[in-house]
Every structure is written in C-alpha cells, then in structure tokens.
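Here are my notes on this model, point by point. Please read them with the structure open.

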Amino acid sequence: MQKAKLIGSYLTVIFGSALIASGFNLFLIPHRLLSGGVSGLAMLVGYFTPFNISLMYLVFNLPLLIAGWFQLGRRFIVLSIVSVVATTWLMALLPERQVASDMLLASVFGGVLVGAGAGISFRVGGSSGGFDILGSIITKYRDFPVGNVLVGLNGLVILAAAYFDNNWNLALASMVSIYVSGKVVDLIHVSHLKVTVYIVTTRTDELLQQLLGLQRGVTKIKTEGAYSHVERDMLMTVTTRYELAELKRIIRNSDPQAFVNIVETVGVMGSFRKR
C-alpha cells in the first residue's frame, strides 16, 4: 500500500511536470515571456545567450534543492528532484510551438498550466523546484499562502527582464502569467487552510503513535457513548488541509472503525507549528 502510494506520488509529480513543460514550450517561450523565479531566470539566460533553457532550469535549481534538503525534509525534496528532472527532460522533448498567437492569451493559459503543475506537485508533498522551494521555506515560518510568496519573488525577476530587454509589454504580460500561476497554485495547494479533526477511537495508543509522528499537537479526551455507555477516547488535533490526506490514511490504517469529524477552523491562537 505504501509503495503504491509512493509510485502514485511520483506519477502525479511527473504529470505536473508535463503541465509545466507544456506551459513553457507552448505558450511562454514562443512569445519570449517569463514564468518568473528560477524558470524565469533560465528563460532570461536562454533568450540572451546560446545556453539551453531546459539545462539552465536544472542548473539553477540545484542549489535550492540542496538547501531544501536540510530545511524541508527528504520526501519533499526527493519529489521535487523528480519534478525538476522530469520538467527538464520534457522541455527538451517537447517542441517549442506557438499555440496562441495573442501574447496576452498565451500569458494567461501558460500561467494556468504552470500553476496547475506546481500546485499538483505541492498536493502530493513535493514541489516544482525553484522559488517553490524558497516559498515553502518562508511559509514554514510565516503563515500565509505560498502563491503570494511566489508572486512577490517572481516580480523581482520580471523587473530584471524589463530592464535587460527594454520591453515593458513582455514584462507586463509576464506579470499576468505569474499572477495567474500564483492564484492557481493557491486554488490547488491549500496548506494555509486549517481544519480541526475529532477522532473517536478504541485504539488510542496505536493512533497516537502515528499521529504524533506528524508533529502536530493532539489532545486526548475521555468520552462515553450516550446509547451504548461504552467508554472511548476522543483525539482532537488541528492540522492543515494539505496534511489532511496523510492524516486520513493514518486513521484508516490504524482504526478503520474510528468515528471522525472534520470541521473547518476559522483561526488558531497559541502554539501551532507552521510548515
């Protein structure tokens, strides 16, 4: 089961990479638009030098992947490496072709594809590399949407592009692409949304052992069934929508008969570990 889930995560990341590569080669690069971040830097270098954009994408990602290995955990970075390598390979494989002749349409649809690919990678616990990793490091300590972080960081790349290319039409269209991409990421990747989970179980110790491994606080409450008068434990924890899938998997494996109530959380005060 665990192996199948891991393979599924790899395939999902590769699918996200295919969306990103399509957004680059079919919409952004033919119009000399930038996606921002590391990919934007790679495009900027590729537009003004003989260097290959896909190769530059891989090279620029390497230091961030190394930094992320120490800050964000092995699984996250392994999936991110898969994403970066797959995107690099697919960019080299997919021909650059202008699908949309209108630059604004190309920037919008390119942004949708890139944002969807990055968001999909985030949902399975990885990233598309680049400033996504830097954004994840920042949101580990500051609790706001990843997409907002990426928009801010990528804006700096666009300003650099406008300066070197002296073409504000391309720069403004690239800004539209980055904005759309950031919003799509936030629609798919919801780590800033909190939920409270109540679990009524008879396998408290087994569940606690697994839940505490998520590095989330858990409160144990003694309960009694009103009809059966059977005493049980209720475990309460606050987590993120992003981590909810993993929490459900743990509950299903540890106690398939557990009663689980999941409610949206408006806000959290006190100690809450941000990831």
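1. Which residues does I53 touch, not counting residues up to four places away in sequence? The model is predicted, so the answer is a computed one. I53 touches I29, A42, M43, G46, Y47 and M91.

2. Next, the overall layout. The chain has 10 helices and 4 strands. Along the sequence they run α-α-α-α-α-α-α-α-β-α-β-β-α-β. Of the 275 residues, 49% count as buried. Take the contacts in the chain with a separation of 6 or more: residues 24 or more positions apart account for 74% of them.

3. The largest nonpolar core has 41 residues. Within this core, F24, I29, L34, M43 and I53 touch the most other members. Eight elements need checking here, by name: α1 (2-28), α2 (37-48), α3 (53-72), α4 (74-93), α5 (103-123), α6 (131-141), α7 (146-165) and α8 (168-188) each give two or more residues to the core. Helix α1 supplies the largest share, 6 residues.

4. Now the aromatic pairs. The structure holds 2 of them. One is F24 with Y57, and its geometry is edge-to-face. The ring centres are 6.3 Å apart, with 70° between the planes. F24 sits in helix α1 and Y57 in helix α3, 33 residues apart, so the pair links distant parts of the chain. F24 is buried, at 2% relative accessibility. Y57 is buried too, with a relative accessible area of 4%.

5. The other pair is F27 with F109. Their ring centres lie 6.4 Å apart and their planes meet at 25°, so this pair is stacked. This pair also joins distant parts of the chain: F27 is in helix α1 and F109 in helix α5, 82 residues apart. F27 is buried, with a relative accessible area of 10%. F109, at 46% relative accessibility, counts as partly exposed.

6. A charge and a ring also meet. The charged end of R32 sits over the ring of F48. The distance to the ring centre is 5.4 Å.

7. How many salt bridges does the structure hold? There is 1. The side chains of D233 and K222 form a salt bridge, at 3.1 Å from N to O. D233 belongs to strand β3 (residues 231-240) and K222 to strand β2 (residues 218-224). The two residues are 11 apart, and the pair links distant parts of the chain. Why can such a pair form? Side chains of opposite charge can pair when their charged atoms come close. K222 is exposed, with a relative accessible area of 65%.

8. Last, helix α9 (residues 204-211). Which of its residues are buried? They are T204, L207, L208 and L211. These four cover an arc of only 100° around the axis, so they lie on the same side of α9. The face turned away from that buried side carries the exposed residues D205 and Q209.

Notes. Residues numbered from 1 in each chain as written. Predicted model: local features only at pLDDT ≥ 70, side-chain atom pairs only at ≥ 80, totals over all residues. Heavy atoms only, no water. Salt bridge = Lys/Arg side-chain N within 4 Å of Asp/Glu carboxyl O. Buried < 20%, exposed > 50% of the residue type's maximum accessible area, 1.4 Å probe, protein only. Core = buried A, V, L, I, M, F, W, Y, C linked by side-chain atoms within 4.5 Å. Contact = heavy atoms within 4.5 Å. Phe/Tyr/Trp six-rings, centres within 6.5 Å; stacked < 30°, edge-to-face > 60°. Lys NZ or Arg CZ within 6 Å of the ring centre and 35° of its normal. Arc of directions from axis to C-beta.
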